[in-house]
Amino acid sequence: MTKQPSYRFGGYTESWVEKKLGEFSTITMGQSPNSENYTDNPNDYILVQGNADMKNGRVFPRVWTTQITKQARQGDLILSVRAPVGDIGKTDYDVVLGRGVASIDGNEFLYQALSQMKQNGYWSKLSTGSTFESINSNDIKSAIISLPSLPEQTAIGSFFQDIDQLISLQQRKLEVLKEQKKTYLKLLFPAKGQTKPALRFTGFEDDWKEVKLGEVFKISSGFTGDSSLHSGSYKLTRIETISDGLINVKKLGYSNVAPDDSYKLGIGEILFSNINSIEHIGKVALYDKDYGLYHGINLLRLQPIDINGIFSFYELGTIEKRNWARSHANKAVNQASINQTILSSLNLQIPSLPEQEAIGSFFQDLDKAIAKQEEKVNQLKESKQTLLRKMFI
């Protein structure tokens with residue numbers, strides 16, 4: 001049977017052939033140096049131990065070593081062989097390989113082919129281990145790769161390399177926007193001990209005043225309902241509903257018991273994670289939808305009384321306020337919690353209402369730009385995956 005992909009560049013008609021990866025590529029399994037030889041000195045040898053040492057498909061140096069065990073050369077492909085299995089990247093440096101990775105001598109076509117195998121779950125089917133996934137040398141060497149002629153490999157590799165460069169460009173733009181937001185969060189809110197921010201919009205000069213959160217917000221807990229978490233007549237929030245400051249409607253809870261209308265969320269109200277693992281304490285989400293959603297369990301509801309909810313959402317999302325919530329949480333064995341009384345004592349600094357509105361609107365616009373850029377990156381990645389499916393066998 002003729003083996004050809006769905007899409008091909010003009011002029012290529014020969015069938016692709018199947019070969020084992022070990023038949024045409026040199027594979028080197030990693031071996032970790034002794035931990036006492038690890039350093040943070042960039043003049044030593046770069047150590048690649050696993051997926052944590054790669055970023056956006058490239059080796060991203062973070063750990064070094066004085067001991068050479070197994071090595072990969074500049075331009076080699078780096079395959080993760082322990083959880084997560086199958087992630088593939090490239091190295092722009094000579095590196096030392098830890099036991100969590102293997103190097104593969106290959107071209108751009110092979111890099112994209114291995115990327116597609118990861119997406120198809122090829123390695124997950126082979127992985128073994130009761131604690132975490134892993135693959136061995138034989139698994140990699142025996143992997144079947146469909147290959148066209150070398151000129152067609154070059155054409156396909158070059159095509160996808162251009163797509164990857166476009167994705168990287170858009171990804172960098174996204175990272176710049178996110179870094180700008182972090183910077184503005186520091187500049188547009190007063191530093192600790194200060195009564196004015198370092199950066200202000202024109203026309204605002206007065207000192208900010210300090211208030212307790214309980215003075216400007218009504219705080220309440222959610223409706224318990226019944227145990228119907230995955231279906232029901234009434235949509236409820238729960239811990240999982242908070243996602244990156246937004247309400248994730250794919251992670252709602254449900255109840256067949258009717259909540260009182262007092263539990264119905266209003267636009268501008270804030271959900272606050274008060275029961276979870278310590279790193280999730282203090283996560284906030286702004287309710288900005290007309291969605292008929294009720295306030296459910298394990299989240300505190302903050303209803304603004306004499307304050308702009310949008311402004312407050314961004315203030316509560318600052319690192320300083322998140323750290324305060326974590327430090328004041330009751331740290332139980334399996335989960336942490338912070339109660340309404342403690343949360344009520346949190347100090348907030350607030351400017352005049354017009355300045356609150358200006359700051360809130362500024363960050364909302366910035367978040368919209370970030371969301372738009374994220375969508376652009378995701379669309380490019382989805383387009384690439386579609387093309388990989390159609391241009392590889």
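Helices (H or I, at least four residues) and strands (E, at least two) are DSSP runs numbered from the N terminus; axes are lines fitted to C-alpha atoms, for helices over the stretch in contact, with angles from 0 to 180 degrees between N-to-C directions. The model is predicted: local features need pLDDT of at least 70 and side-chain atom pairs pLDDT 80 or more, whereas totals for chains, interfaces and linings use all residues. Residues are numbered from 1 along each chain as its sequence is written, and side-chain values use heavy atoms, with hydrogens and water left out.

The 4 strands form an open sheet with antiparallel pairing, in the order S15-S23-S20-S22; two strands pair if DSSP finds at least two bridges between them. Strands S15 (217-220) and S22 (284-286) are the edges, each pairing on one side only. From one strand to the next, the twist averages 25 degrees. Strand S20 (residues 270-273) is joined to the antiparallel strand S23 (residues 299-304) by 4 bridges, and Ser273 stands opposite Leu299 in S23.

Elsewhere, Ser25 is found in the loop between helix H1 (21-24) and strand S2 (27-29). With a relative accessible area of 8%, Ser25 is buried (under 20%; exposed is over 50% and partly exposed in between, for a 1.4 Å probe and protein chains only). Not counting residues up to four places away in sequence, Ser25 touches Ile104, Asp105, Gly106 and Leu110. A polar atom of the Ser25 side chain lies 2.4 Å from the backbone oxygen of Asp105.

Conventions
A polar contact is a pair of N or O atoms within 3.5 Å; within protein, one must be able to donate a hydrogen and the other to accept it, and residues adjacent in sequence count only if both atoms are side-chain atoms. Contact means heavy atoms within 4.5 Å.
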